[in-house]
Amino acid sequence: MIKKTITVGRAPENDKVFNLPDISGKHARIHLLEDGMFKVEDLNSANGTYVNGYRIKSSTVSADDEVRLSANLIIDLPVLFEIRQGTIVKDANAQPNKTNPNDFTKEFAKLEKVYLDYKKNKKKILVTNQRKQIFVRTGFMAIPLVFTLVFRNIHISGASIVLAGIAQLFTGNMKHLDKLEELDNDFKVRYVCPNDKCRQFLSHNSWTVWHNTGECPRCKAIFNKEKL
Ligand SMILES: [Zn+2]
């Protein structure tokens, strides 16, 4: 699953050294995954590792996500892993000039992908689980049938139906619940108001609903140009 790992920090033994005062000796470990995504792990750094402005312990991110070490160092992951050419450190101050400080329309637009990816992955987990359940149930339904055919005894087949029923109760696959929980936790971190001072979770309302609402109910950050 992991194609390549790069450690970053101030200490010289890191794969990539950032000799800056607010970077920890061993700051973070970043993995390039087979599917082109990245897994970012903070190594208990003093000033933290941030994904889209949110402090994380461990998070799976895409090339579009903003990964920041401490307060100011934004790193370009595809460049770090030499997938793309350019400079590793993005200029943290190179933010688009805002005529209206409440204008978060550009940042909000990026959340559409976050929402759609969440829906897509959730569906994938549920469909896979459903297929697994059908497979398991078919298996257990076949057992009483076999008993009936082999023993031709109504009591034995009756008992085996009960046993198969009980066995089914214990085969409920919990793994997909873990996957759903992980997906949900990640969603709650990323589907948030883009205003750094707010970061309100935007609930499970669709991106379109928020786009139509046009602003953050908490901090009044503007999501939709029509509200400007
Ligand atoms: Zn807000």
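## Strands 9 and 10 and their sheet

Strand 9 (residues 73-75) pairs with strand 10 in the antiparallel sense, over two bridges. Two strands count as paired if DSSP finds at least two bridges between them. Strands are DSSP runs of E with at least two residues, helices are runs of H or I with at least four residues, and both are numbered from the N terminus. Within this pair, isoleucine 75 stands opposite valine 89 of strand 10.

The structure is a predicted model, in which local features need pLDDT of at least 70, side-chain atom pairs count only at pLDDT 80 or more, and totals for chains, interfaces and linings use all residues. Residues are numbered from 1 along each chain as its sequence is written.

Another open sheet has five strands in the order 2-1-3-4-7, and its pairing is mixed. Strand 2 (16-17) and strand 7 (58-61) are at the edges with a single partner strand each, so one side of each has no neighbour in the sheet.

Strand 3 (residues 28-33) and strand 4 (residues 38-42) are paired in the antiparallel sense over five bridges. Here histidine 31 stands opposite lysine 39 in strand 4.

## Domains

The protein is divided into domain 1 (5-90) and domain 2 (106-227); the bounds come from an automatic or database domain assignment. Taken over C-alpha atoms, the centres of domain 1 and domain 2 are 30 Å apart.

Six residues of domain 1 are in contact with seven residues of domain 2, where contact means that the C-beta atoms, placed from the backbone, lie within 7 Å. On the side of domain 1 that touches domain 2, two residues are nonpolar, three polar and one charged. Ala, Val, Leu, Ile, Met, Phe, Trp, Tyr, Cys and Pro count as nonpolar, Asp, Glu, Lys and Arg as charged, and the others, Gly among them, as polar.

## Residues with positive phi

Arginine 199 lies in the loop between helix 4 (175-190) and helix 5 (207-213). Its phi is near 60 degrees, a positive value in a residue other than glycine. Arginine 199 counts as partly exposed because it has 16 C-beta neighbours inside 10 Å. A residue is buried with 20 or more other C-beta atoms within 10 Å of its own, exposed with 12 or fewer, and partly exposed in between, with C-beta atoms placed from the backbone.

Lysine 220 is in the segment after helix 5, and its phi is near 65 degrees, also positive in a residue other than glycine. With 14 other C-beta atoms within 10 Å, lysine 220 is partly exposed.

Notes. Contact = placed C-beta atoms within 7 Å.
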